[in-house]
Amino acid sequence: MLEHWRKANVIPVFKKGEKEDPGNNRPVGLTSVPGKVMEQINLDVIIKQMEEKKVDRSGQHGFTKGKSCLTNLIAFCDGMAGWVDAGRAVHVVYLDFSKAFDTVPRNILLGKLRKRGLDEWTMRWLENWLNGRTQRVVISSAESSWRPVASGVPQESALSPVLFNFFINGLNEATQCTLSKFADDTKLGGLADTPAGCAAIQRDLDRLESWAQRNLIKCRVLHLGSNSPMHQYRLGVDLLESSSAERDLGVLVDDKLT
């Protein structure tokens with residue numbers, strides 16, 4: 001593979017907050033146009049093979065054909081509201097991944113893809129495409145030196161959303177409660193009007209914390225329904241805070257479901 005296909009100029013785009021804080025900028029990577037064309041060709045090949053292998057995308061609405069932010073919100077909120085209307089108590093945990101796309105372990109991702117039966121030519125191309133990547137920061141006419149990118153999937157790529165979705169499919173394994181995903185925005189909901197229900201939510205949180213290898217941050221709990229117990233959940237050794245409202249894919253969801 002040509003070396004310049006694996007290079008990216010990173011342009012910081014300001015989001016919000018203090019402009020002096022580098023963390024308030026979104027890094028946007030600009031890559032080779034011929035490289036993007038090749039990515040799109042291989043994306044079609046990978047999607048076709050995943051469909052043939054019936055790779056499960058249960059609960060995933062992000063970057064998925066026929067699904068969107070809207071389908072995610074409708075499906076999840078309809079389920080939670082149905083329980084609340086029936087007089088049940090429901091707890092929803094909003095989970096946020098830290099630098100999700102940047103922290104994907106490439107060896108684990110490639111191992112999962114190979115295990116699912118992607119053909120060897122595609123696997124060799126992906127391995128070559130992921131490894132040996134470099135990037136530099138460009139601001140106006142100033143350029144940093146080139147630095148290697150040791151982990152993750154490049155956010156500027158057409159392939160990355162599909163590869164990331166495939167990587168986090170494992171989140172659904174053995175969960176008892178309702179898990180809903182839009183890319184790396186994840187929420188876990190379950191009935192909480194009995195001690196057994198709260199224990200099931202906690203067991204799922206334990207599984208998610210172990211799976212994510214402590215890459216989870218900013219986790220909060222919404223307590224829905226009348227007489228909902230204010231159960232204290234934890235993620236690892238950290239206790240989760242309760243919240244009266246959470247922003248969910250651009251929509252503010254409060255504890256009254258209004």
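In helix α3, the buried residues are Arg106, Leu109, Leu110 and Leu113. Viewed down the axis of α3, these buried residues span an arc of 95°, so they line one face of the helix. The model is a predicted one. On the face of α3 turned away from the buried side sit Asn107 and Lys115, both exposed. Gly117 follows α3 and has a positive phi, near 95°.

Helix α4 covers residues 120–130. Its buried residues are Thr122, Met123, Trp125, Leu126, Trp129 and Leu130. Down the axis of α4, they fall within an arc of 165°, so they too line one face of their helix. Trp121 and Arg124 are exposed and lie on the face of α4 turned away from its buried side. The packing partners of the buried α4 residues are α1 (33–52), α3 (106–115) and α5 (160–167).

The largest pocket was examined next. Its space amounts to about 1400 Å³. The lining comprises 42 residues. Closest to the pocket centre are Lys15, Arg26, Pro27, Asp102 and Gln155. Five elements are listed as giving two or more residues to the lining: β1 (7–14), β2 (25–30), β3 (90–97), β4 (134–139) and β6 (147–148). Strand β2 provides the largest share, with five residues. By residue class, the lining holds 20 nonpolar, nine polar and 13 charged residues.

The structure contains zero disulfides. For Cys77, the closest cysteine sulfur belongs to Cys69 and lies 12 Å away, too far for a bond. A disulfide would need the two sulfur atoms within 2.5 Å. Cys198 is likewise in no disulfide, with the nearest cysteine sulfur, in Cys177, at 9.7 Å. The surroundings of these cysteines can be described by accessibility. Cys77 is partly exposed, at a relative accessible area of 24%. Cys198 is buried, with a relative accessibility of 4%.

Terms used
Residues numbered from 1 in each chain as written. Predicted model: local features only at pLDDT ≥ 70, side-chain atom pairs only at ≥ 80, totals over all residues. Heavy atoms only, no water. Buried < 20%, exposed > 50% of the residue type's maximum accessible area, 1.4 Å probe, protein only. 1 Å grid on protein atoms, 1.4 Å probe; cavity = no way out; pocket = protein on both sides within 12 Å on 5 of 7 lines; lining within 4 Å. Points joined across faces, edges and corners; volume = space filled by probe spheres on them. Helix = DSSP H or I, 4+ residues; strand = E, 2+ residues; numbered from the N terminus. Nonpolar A, V, L, I, M, F, W, Y, C, P; charged D, E, K, R; others polar. Arc of directions from axis to C-beta. Contact = heavy atoms within 4.5 Å.
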